[in-house]
Amino acid sequence: MASTMPRSWQTVLWDGLSPHDVTVCSNLNPLDKGDFAGMELDEVKQDHSQWHEKFEKNPYNTRFPGGECYRDLVNRLESVIIDLEQHVAPCLVVSHISVIQVLLSYFRSSPIRECTSIEVPLHTVIKLTPMRGGGWSEEHIELHFDKETGEMKERVLPVKVSNHTIWTDQVTQT
């Protein structure tokens, strides 16, 4: 599953997958920043300080002018979560930080209003595996391209959830 944004497609197709193998889902598109589209939060803070103060106080419910708030995004992702829960085979989701924050909040069973504080590492596959009796185990696999060898390398990173480290470092090659 991938969002409709070009960078999601570029990520999905890098490994030679056929576009026919990918389900495109607009619900996986990032949080709509409306009038602030294309701006980083630092720029918004500088140019729209009053709005940014409201956002810092209540990021879950503060709507971007002409766009969405995280509460809207949570509602939009409800059908995606149901779809993911119904999969019986592994499923790859390629999306954006705001979407991944909401999905991780759900699968970690953490308070949804705190999803904006979940750190999402870049260039990393987050593997969630159902556990017997309910719940999910989580593994972070950092990907980087080694220019010297021309190989993609993986490193399993420690996962910090609620200040507890639950995985150890390993390095592998694919």
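In the predicted model, Thr124 is found in strand β1, where its relative accessible area of 18% places it among the buried residues, because buried means under 20%. A polar atom of the Thr124 side chain lies 2.8 Å from the backbone oxygen of Leu122. When neighbours within four places in sequence are left aside, the contacts of Thr124 are with His140, Ile141, Glu142 and Leu157.

Strand β1, which spans residues 124–130, pairs in the antiparallel sense with strand β2, which spans residues 136–146, and the pairing runs over seven bridges. Within this arrangement, Ile126 has His140 of β2 as its bridge partner, and His140 is also one of the residues in contact with Thr124. Five residues lie between the two strands of the hairpin, in which Gly133 adopts a positive phi near 90 degrees.

With regard to the overall architecture, the protein has five helices and six strands, and these follow the pattern α-α-α-α-α-β-β-β-β-β-β when read along the sequence. Of the 174 residues in the protein, 34% are buried. Among the contacts with a separation of 6 or more, 40% are made by residues 24 or more positions apart. The protein exposes about 11300 Å², and carbon and sulfur atoms supply 50% of this area.

Aromatic side chains were examined next. A pair of aromatic rings is described by the distance of the centres and the angle of the planes. The structure holds seven aromatic pairs. One of them is formed by Phe36 and Phe64, which are arranged edge-to-face, with 6.2 Å from centre to centre and 80 degrees between the planes. This pair links distant parts of the chain, since Phe36 lies in the loop between α1 (6–13) and α2 (41–47), whereas Phe64 lies in the loop between α3 (49–57) and α4 (70–86), the two residues being 28 residues apart. Both Phe36 and Phe64 are buried.

Phe64 also forms an aromatic pair with Trp51, and here the geometry is tilted, with 4.7 Å from centre to centre and 40 degrees between the planes. Trp51 lies in helix α3 and Phe64 in the loop between α3 and α4, so this pair ties together parts that are 13 residues apart in sequence. Trp51 is buried, as is Phe64. Together with Phe55, the residues Phe36, Trp51 and Phe64 form one aromatic cluster.

The loop between α3 and α4, in which Phe64 lies, also contains Tyr60. Tyr60 has a relative accessibility of 8% and therefore counts as buried. Leaving aside neighbours within four places in sequence, Tyr60 is in contact with Cys69, Tyr70, Arg71 and Val74, and also with Ile112, Arg113 and Cys115. A further relationship across the sequence is given by Tyr60 and Thr116, which are 56 residues apart in sequence but 7.0 Å apart in space, C-alpha to C-alpha.

Methods
Residues numbered from 1 in each chain as written. Predicted model: local features only at pLDDT ≥ 70, side-chain atom pairs only at ≥ 80, totals over all residues. Heavy atoms only, no water. Pairing = 2+ DSSP bridges. Helix = DSSP H or I, 4+ residues; strand = E, 2+ residues; numbered from the N terminus. Phe/Tyr/Trp six-rings, centres within 6.5 Å; stacked < 30°, edge-to-face > 60°. Buried < 20%, exposed > 50% of the residue type's maximum accessible area, 1.4 Å probe, protein only. Contact = heavy atoms within 4.5 Å. Areas by Shrake-Rupley, 256 points an atom, 1.4 Å probe, with all protein chains shown as cover. Polar contact = N/O pair within 3.5 Å; in protein donor to acceptor, adjacent residues only side chain to side chain.
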